[in-house]
Structures are given as C-alpha cells and as structure tokens.
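The sequence and structure come first.

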Amino acid sequence: MLEQARPQGDGLGWPVIAGADQCLGGWCHGPPGTARLFLLLHAQSGEPRYLDAALAGARFVMAQAPADAPNAAAAAFPPSFCCGVAGVLDFFCDLHRATGDAEHAEFAARAGEFLCRAAVADGEGVKWLRGATHDPANAGAESVDLMLGAAGEALALLRLATLHEPLDPVRHLPDRAVR
C-alpha cells in the first residue's frame, strides 16, 4: 500500500486503481478509509512510518477542503459517509483519538458544521439531499443507509459529539448479537 501512495504536496493519496494517478479524498477511495489501515498498523506495531502515512493522508484531505469560511462552497464534496464529508469527519475523529492533536478535532468540528449546514429539515428530523440514491427506480428518494444516506451523516455527527469521551462508543459497541 505504501508503494501505491501518491505524494501530493505534503500529503499522501492512494489511487482508485493500482498504478493509476487519480486520487480521491473520500472514505471509499481515499485516505479517510485507507489510512485507517495505517492507524491500525501503527497501533499494533509501533512503527512510525505507518502513523506518518496516516498523517500524510490527513494532510491530503485537508488540502482538498474549501476555505474555512461560513459560506465557503463545497460542491465537490457530498455529505455522505462513502465519498463525502461524513467519512472525513469520522476519520478525523479517529486521528484525534490516536494522536491527541487538536488540529484533527478542529477539522472534524469543521466537517460537522458543514453537515449541520447541509441538513434539510424533514418533519421531526433532517436529511441530506446530496446523499440521494442513484438508482433510477428510486429517483428523488433520499437514502437512509450508512454509506450514502442519513445513517452515515448521523453516525459521523455522533462520533463528533462523543469525541472527548474516554471510550470511543463506535469501537466499543456490544460484542454480542442484539435480539
């Protein structure tokens, strides 16, 4: 995986396809998902190169973010967990827990603010319109699943809300079947 990495400035991306140059910033095809491997490898081995790779992935993602302004455009970044802001938020929560670096918590908070601004009221709850399904049979319907729907945005916001708890509620979910 390290051999496949593509340096971009002081950041590091991974190609969508081995050997290609195109690197994306989402959980599904970028550092928010891929760098988790390096966080785990570092936690298990203690080898600095793995943490360095995860941190370089974070710098790649941060460089993709729009300016930190209340009305900054983020048209290229959907709110979804899969390829969007919710997956980035989740990754930066993991980075903050692993490093204690306030910059990672601040970036996660920025992503959370974006998700809250992007939410659309729907009855007693909210939805995220750009997380809509691409299935033509469901045109106009919003997904509710984890990767493209409201469950992903909600999970990311809950991770942010519990970022300073001693135990990460996501990593410490019950290890038994729910009945």
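## Cysteines

A search of the whole structure finds zero disulfides, a disulfide being a pair of cysteine sulfur atoms within 2.5 Å. For Cys82, the closest cysteine sulfur is that of Cys28 at 3.3 Å, which is too far for a bond. Cys82 is buried, at 14% relative accessible area (buried is under 20%, exposed over 50%, partly exposed in between; 1.4 Å probe, protein chains only).

Cys83 is in no disulfide either, its nearest cysteine sulfur being that of Cys82, 3.8 Å away. Cys83 has a relative accessibility of 36% and so counts as partly exposed.

## Basis of the values

The model is predicted: local features need pLDDT of at least 70, side-chain atom pairs count only at pLDDT 80 or more, and totals for chains, interfaces and linings use all residues. Residues are numbered from 1 along each chain as its sequence is written, and side-chain values use heavy atoms, with hydrogens and water left out.

## Helix packing

Helix H1 spans residues 31–45 and helix H2 residues 48–64; their axes come within 7 Å and cross at roughly 155 degrees (axes are lines fitted to C-alpha atoms over the stretch in contact, with angles from 0 to 180 degrees between N-to-C directions; helices are DSSP runs of H or I, at least four residues, numbered from the N terminus). H1 and H2 are therefore roughly antiparallel (angles over 145 degrees).

The contact (heavy atoms within 4.5 Å) involves residues of H1 including Phe38, Leu39 and His42, and residues of H2 including Tyr50, Leu51 and Phe60. The contact residues divide into 13 nonpolar, three polar and no charged (Ala, Val, Leu, Ile, Met, Phe, Trp, Tyr, Cys and Pro count as nonpolar, Asp, Glu, Lys and Arg as charged, the others, Gly among them, as polar).

How values were computed:
Helices (H or I, at least four residues) and strands (E, at least two) are DSSP runs, numbered from the N terminus. Angles under 35 degrees count as roughly parallel, over 145 as roughly antiparallel, 65 to 115 as roughly perpendicular and the rest as oblique.
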